[in-house]
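Trainee: I have a new model open on my screen and would like to learn how to read it. Could we go through a few features together?

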Amino acid sequence: MTHRDGERRAAAPPMPGRIVDASRLDLDAAERAAHELLRAIGADLDYPGLAETPRRIAASLAELLTPAEFTATLFRNERYDELILVRDISFQSLCMHHLLPFHGVAHVAYLPGDCIIGISKLARVVEAFARDLQLQERMTVQIADWLEQELSPRGVGVVLSAEHMCMTIRGIRKPGARTVTSAVRGKLRSDARTREEFFSLVERC
Ligand code: ZN
């Protein structure tokens, strides 16, 4: 739909490549499975404080894996031809290998073509892709793909910096270690000046 001021709302933007289909979520089955998992790890299921834990586990997973619906508010670009960057978008996700959280910040930029997107929507895109069983690498690419498809921009840059609980509280146990991933497209990939500008803006955070 196009409004007089050039605003266009693209309802329910497609989110290809999701691992979890939230519409198939079965809370009762998840609760029963959480109960069995607690039993399998040797928990005393008669202990009073554990009575509601299976329900809470199911509800927590449902919350972490269900993306919030949002509409992509697009506007006609009025001659702005420099980078648009939103830095420090915090996110939390679940790693698909351990079901342990990873959390950090995303920096999302694009070089607009004919349209621009409401800046808060950049945070919503990050949030939507975070609520899945994820790999940081995949999430980075998905955000960049989404921006390319929805905005047809002249360039896209995405950097994610995150701490993964599966390597800070278990395994090699290196608290504070951060994993940084990036995806750059269009002019941000091919034009050295634009690429450098993007990474220098990100590094200043
Ligand atoms: Zn992991």
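Mentor: Let's start with Gln 142, which sits in helix 4 (residues 136–151). Keep in mind that this is a predicted model.

Trainee: Is Gln 142 buried or exposed?

Mentor: Look at the relative accessible area; under 20% means buried. Gln 142 has 7% relative accessibility, so Gln 142 counts as buried.

Trainee: Which residues does Gln 142 touch, leaving out those up to four places away in sequence?

Mentor: With those neighbours set aside, Gln 142 touches Pro 16, Gly 17, Arg 18, Phe 129 and Gln 134. Gln 142 and Val 126 are 16 residues apart in sequence, and their C-alpha atoms are 9.2 Å apart.

Trainee: How do I read the packing of two helices?

Mentor: Two packed helices are described by the angle between their axes and the distance between those axes. Here, the axes of helix 3 (residues 119–130) and helix 4 cross at roughly 135° and come within 10 Å. Helix 3 and helix 4 are therefore oblique to each other. As for handedness, helix 3 passes helix 4 in a right-handed crossing.

Trainee: Which residues make the contact between helix 3 and helix 4?

Mentor: From helix 3 come Leu 122, Val 125, Val 126, Phe 129 and Ala 130, while helix 4 brings Met 139, Gln 142, Ile 143, Trp 146 and Leu 147. Sorted by class, the contact of helix 3 with helix 4 has 9 nonpolar residues, 1 polar residue and no charged residues.

Trainee: Let me try another pair. At what angle do helix 1 and helix 2 pack?

Mentor: Helix 1 (residues 27–40) and helix 2 (residues 53–65) pack at about 125°, with their axes 8 Å apart. That angle makes helix 1 oblique to helix 2. Helix 1 passes helix 2 in a right-handed crossing.

Trainee: And which residues meet there?

Mentor: On the helix 1 side you will find Leu 27, Ala 30, Glu 31, Ala 34, His 35 and Leu 38. They meet Thr 53, Pro 54, Arg 55, Ile 57, Ala 58, Ala 59 and Ala 62 of helix 2. By class, the contact of helix 1 with helix 2 has 9 nonpolar, 2 polar and 2 charged residues.

Trainee: Now for charged side chains. What should I look for?

Mentor: Side chains of opposite charge can pair when their charged atoms come close. A search of the whole structure finds 7 salt bridges. One of them joins Arg 39 and Glu 36, at 3.3 Å from N to O. Both residues lie in helix 1, 3 residues apart, which is about one turn of the helix.

Trainee: How accessible are Arg 39 and Glu 36?

Mentor: Arg 39 is partly exposed, with a relative accessible area of 47%, and Glu 36 also counts as partly exposed, at 42%.

Trainee: With which residue does Arg 55 form a salt bridge?

Mentor: Arg 55 pairs with Glu 52, and their closest N and O atoms are 2.6 Å apart. Arg 55 is partly exposed at 38%, and Glu 52 is partly exposed at 37%. Glu 127 is partly exposed, with a relative accessible area of 27%.

Notes. Residues numbered from 1 in each chain as written. Predicted model: local features only at pLDDT ≥ 70, side-chain atom pairs only at ≥ 80, totals over all residues. Heavy atoms only, no water. Salt bridge = Lys/Arg side-chain N within 4 Å of Asp/Glu carboxyl O. Helix = DSSP H or I, 4+ residues; strand = E, 2+ residues; numbered from the N terminus. Buried < 20%, exposed > 50% of the residue type's maximum accessible area, 1.4 Å probe, protein only. Axes fitted to C-alpha atoms, helices over the stretch in contact; angles between N-to-C directions. Parallel < 35°, antiparallel > 145°, perpendicular 65-115°, else oblique. Left-handed = near helix turned anticlockwise from the far one by under 90°. Contact = heavy atoms within 4.5 Å. Nonpolar A, V, L, I, M, F, W, Y, C, P; charged D, E, K, R; others polar.
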